[in-house]
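Subject: Structure handover

Hello,

Here is the structure I said I would pass on. Please open it before you read the notes that follow.

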Amino acid sequence: MSTPVKAPAGQQPAESAGRRAIWLSIAALAMTFMLPLAGLVMALFALMAGIRALPLLRAESRPTGVAVGGITVSSLALALSALATGMQLYLMDEYSAYQECMKGAGTVSSQGECFTQFRDAAERKLPADVLEMLGAMQP
């Protein structure tokens with residue numbers, strides 16, 4: 001027979017589950033902007049933590065706002081990181097060529113030339129409306 005596991009003194013499992021969901025979702029959103037693939041994985045963990053926290057909070061008649069907020073933020077992070085990761089994979093060859101060009105670029109003008117080559121390659125591969133949405137951002 002097994003003994004039920006009890007929460008540490010002063011800490012309720014439902015409350016900690018809700019806080020865990022929101023903190024994981026905030027971390028996932030931050031990771032999305034630094035490393036999109038890591039943000040994707042973290043967002044999945046945050047989404048699962050938020051979904052698992054909802055029944056725990058409801059069972060103890062506690063407010064579910066923290067868990068719902070965690071689910072919302074992690075869903076946003078999941079969508080953003082999936083788009084960013086997909087874009088990186090789609091433009092992998094162009095970005096690799098850009099990085100190789102930047103390794104040999106010793107001056108500011110040659111770095112500008114590398115970016116121009118990257119932008120031209122991306123323009124050939126992406127639709128015009130996507131390029132307008134991205135603007136003139138440098139990789």
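What percentage of the 139 residues in the protein is buried? Buried residues make up 26% of them. Keep in mind that this is a predicted model.

Overall layout

The protein has six helices and zero strands. Read from the N terminus, the order of elements is α-α-α-α-α-α. Among contacts with a separation of 6 or more, 62% are between residues 24 or more positions apart.

Helix H1 covers residues 13–34. Its 22 residues should span 32 Å at 1.5 Å a residue, and because the end C-alpha atoms are 31 Å apart, the two values agree. The buried residues of H1 are Ala14, Ser16, Ala17, Gly18, Ala21, Ser25, Ala28 and Thr32. They pack against helix H2 (36–59) and helix H3 (65–90).

The check on length can be repeated for H3. At 1.5 Å a residue, its 26 residues should span 38 Å, and the end C-alpha atoms are 37 Å apart, so this agrees too. In H3 the buried residues are Ala67, Gly70, Ile71, Ser74, Ala77, Ser81 and Thr85. The elements that cover them include H1 and H2.

Leaving out residues up to four places away in sequence, Ser25 touches Ala46, Gly70, Val73 and Ser74. Two of these, Gly70 and Ser74, are among the buried residues of H3.

Leu47 lies in helix H2. Ser25 and Leu47 are 22 residues apart along the chain, and their C-alpha atoms are separated by 7.3 Å. With residues up to four places away in sequence again left out, Leu47 touches Ile71, Ser74, Ser75 and Leu78.

The UniProt record

An unreviewed UniProt entry lists residues 21–47 and 67–92 under "transmembrane region". How far apart are the end C-alpha atoms of residues 21–47? They lie 7 Å apart, and the span is 96% helix and 0% strand. For residues 67–92 the end C-alpha atoms lie 36 Å apart, and that span is also 96% helix and 0% strand.

The disulfide

How many disulfides does the count come to? The count comes to one disulfide. It is formed by Cys101 and Cys114, with their sulfur atoms 1.9 Å apart. The link is left-handed, with -80° about the S-S bond. The pair links distant parts of the chain, 13 residues apart: Cys101 is in helix H4 (residues 92–104) and Cys114 is in helix H5 (residues 108–125).

The two cysteines fall into separate accessibility classes. Cys101 counts as partly exposed because its relative accessibility is 23%. Cys114 has 3% relative accessibility and therefore counts as buried.

A pocket

The second largest pocket has a volume of about 190 Å³. Its lining is made up of Pro13, Ser16, Ala17, Arg20, Phe45, Met48, Ala49, Arg52, Ala53 and Leu56. Which helix supplies the largest share of this lining? That share, six residues, comes from H2. H1 and H2 each supply at least two residues of the lining. Ser16 and Ala17, which are in the lining, are also among the buried residues of H1.

Ser61 is in the loop between H2 and H3. It has a positive phi of about 55° although it is not a glycine. At 67% relative accessibility, Ser61 counts as exposed, because the cut-off for exposed is over 50%.

That is what I found.

Regards

Methods: Residues are numbered from 1 along each chain as its sequence is written. This is a predicted model: local features need pLDDT of at least 70, side-chain atom pairs count only at pLDDT 80 or more; totals for chains, interfaces and linings use all residues. Side-chain values use heavy atoms; hydrogens and water are left out. Helices (H or I, at least four residues) and strands (E, at least two) are DSSP runs, numbered from the N terminus. The expected span of a helix is 1.5 Å times one less than its number of residues. Buried means under 20% relative accessible area, exposed over 50%, partly exposed in between (1.4 Å probe, protein chains only). Contact means heavy atoms within 4.5 Å. UniProt positions are given in the numbering used here, feature names are shortened, and annotations may be inferred rather than shown by experiment. A disulfide is a pair of cysteine sulfur atoms within 2.5 Å. On a 1 Å grid over the protein atoms alone, a cavity is a set of points where a 1.4 Å probe fits but cannot get out, and a pocket is an open set with protein on both sides within 12 Å along at least five of seven lines; lining residues have an atom within 4 Å of a point. Grid points are joined across faces, edges and corners, and a volume is the space filled by probe spheres set on the points.
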